[in-house]
Each structure stands twice: as structure tokens, then as C-alpha cells.
Amino acid sequence: MDIASRNRVTVTGNPQGRPVVLAHGFGCDQNMWRLTVPALADDHRVVLFDYVGSGRSDASAFSEERYSSLEGYARDVVEVCEALDLRDAVFVGHSVSAMTGVLAAAQAPERIGALVMVAPSPRYIDDEGYRGGFSAEDIDELLASLEANYLGWSAAMAPLIMDNADRPELGNELKNSFCATDPDMARVFARTTFLSDSRDDLKSVTVPTLVLECTQDVIAPREVGAFVHGAIPGSTLVTLDATGHCPHLSAPDATNRAITDFLASL
């Protein structure tokens, strides 16, 4: 199968620059990075893609068995990197994709040489000594609501996730992105996301890592950012002056500055 068309791979920027792979989160697609690409394009080869089941990927390639685990999404990343023969790329992952990047770096260490985690969470459900932001009951209700009425769930959740009430267009964009995703494929991705526990995987990270958190994020509270930072030796934690779970859309200048400063330090 042609990986480029399967994942709707887009390559832009400086062909001679170090590759930067931008990976979207649940219910989103590569268009969510449109405000970040211009900040990277002069100096870096920028690679965008859609996970199978998201955006304009080839839906016929979707397999519930494969995408019922984050390892399946990480294989998408590795296969995109292999198809383009990327080496020592910087992987920028939003939300659950931050953990996908951890797994991809472990699967293909020669392909990924640094990580940027934008609003990451290795586990969404609270545990003893760990605050993920949700109780097990919260997640059960969230998934039941999503599976019963995906469009209604999208309309209700998108503004809460974006958390920029004075800019309703942002919440509407996220809602529209959710609603454009096939509900059956979204159900699989949602279960994979919200029931995941990648805390132990963080110990495997040996590459330079930037962790970006927001001052207020209902999906990944600041305790999560502190946990991720503490679990990855030598990582850098930056708290953005931003609210919500999508700072690359709500606070692109601050997000881009943090990413480009990190890239310059490598």
C-alpha cells in the first residue's frame, strides 16, 4: 500500500532542513497544524499526515484490531518515516500523539531523534498517587456518551476541550473536526486514547524532549505535565500562557516560540 496516500502525507518547508513530523490528536487532522507550519518551514522539512481513520486518510486501510492500541498508531508514524526515509526527525505530537511519539521512537530509534509533547497525557484516569484528571466513572460516562450520540458529544465537548469561551470559532472548528470523523473509527480511537496508560513507556525516552503544558487544561491538568517532565530525564517543561487543550490553535505564537527555541537548542 502507498503510505503517502494512506496517511495523506504532506511535505513542505526546507528540503535540506532537519525533518519535523507534526502529529494530530484524537478527532483532528493535519490541518490543526496550519498555524505552526509557517514558523518551521524556513529551516525545517515539515511532514504532516493523518492517522488512518482521521482526516482525509484512506479509510479502507482502517483496522479495529490495529488501532485498538497506541502501538497501531505508532506504526503509522514509523511507516510514514520509513516511506520518506526520515532520520533523526523531531516528532511533535499533540495530546495522545505525544505518547504515540514515545512508542514510535522506541520502535524506530534511528528515525526519531527528539520529541515535542504538546499537552500530553500518559494516562487520563486517576490512579493511586497520580492525577490524570478523570475518575474511571468519568471516562466510562464520556465513552458511553460518545458511542450513543457522537455528533451530540462532539458539540458538547469541543468547546470544553478548547476552553476559549471568548473565541467560539475555535470550539466550532474542533467540533467540525470531530464531526468529520467517522463515528465508528472515532469510537475506536477514543477508547484507545482515554483508556491508555503509557506511564511506564516514558522511562524508555532517551532523546531530547520538550513538554508543553497550558496554565489551564481540562484534559491534561498541570499535574500531568509535571509527571511527564519528572518521568523523562533531562526533559524541558514549558508552561504556556494559554488555556485549553489545543494551544497550537489558541496560542500559536507562544507555542511556536517554545518549539522553535527548543529546535534551535538541539
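Arg111 touches Cys81, Glu82, Asp85, Leu86, Arg87, Asp88 and Ala89, residues up to four places away in sequence being left out; contact means heavy atoms within 4.5 Å. The model is predicted, so local features need pLDDT of at least 70 and side-chain atom pairs count only at pLDDT 80 or more, while totals for chains, interfaces and linings use all residues. Residues are numbered from 1 along each chain as its sequence is written, and side-chain values use heavy atoms, with hydrogens and water left out.

Arg111 is found in the loop between helix 4 (96-107) and strand 5. Helices (H or I, at least four residues) and strands (E, at least two) are DSSP runs numbered from the N terminus. With a relative accessibility of 10%, Arg111 counts as buried; the term means under 20% relative accessible area, against over 50% for exposed and in between for partly exposed (1.4 Å probe, protein chains only).

Asn164 lies between helix 6 (150-162) and helix 7 (168-179). A polar atom of the Asn164 side chain lies 2.9 Å from the backbone oxygen of Met162. Beyond four places in sequence, Asn164 touches Pro159, Leu170, Thr243 and Ser250.

Seven strands form an open sheet of mixed pairing in the order 1-3-2-4-5-6-7. Strand 1 (10-13) and strand 7 (236-243) are the edge strands, each pairing on one side only; the twist averages 20° from one strand to the next. Two strands pair if DSSP finds at least two bridges between them. Strand 1 and strand 3 (residues 44-48) run antiparallel and are joined by four bridges, and Gly13 has Arg45 of strand 3 as its bridge partner. Helix 9 (residues 222-231) lies across strand 5 (112-118), strand 6 (209-216) and strand 7, at about 165° to strand 6. Axes are lines fitted to C-alpha atoms, for helices over the stretch in contact, and angles run from 0 to 180 degrees between N-to-C directions.

The structure holds two cavities of 30 Å³ or more. A cavity is a set of points, on a 1 Å grid over the protein atoms alone, where a 1.4 Å probe fits but cannot get out; lining residues have an atom within 4 Å of a point. The largest cavity has a volume of about 130 Å³, volume being the space filled by probe spheres set on the points, which are joined across faces, edges and corners. Its lining comprises 14 residues, with Phe26, Ser95, Ile161, Phe194 and His245 nearest the centre. Helix 7 and helix 8 (183-194) each supply at least two residues of this lining.

Key: A polar contact is a pair of N or O atoms within 3.5 Å; within protein, one must be able to donate a hydrogen and the other to accept it, and residues adjacent in sequence count only if both atoms are side-chain atoms. On a 1 Å grid over the protein atoms alone, a cavity is a set of points where a 1.4 Å probe fits but cannot get out, and a pocket is an open set with protein on both sides within 12 Å along at least five of seven lines; lining residues have an atom within 4 Å of a point.
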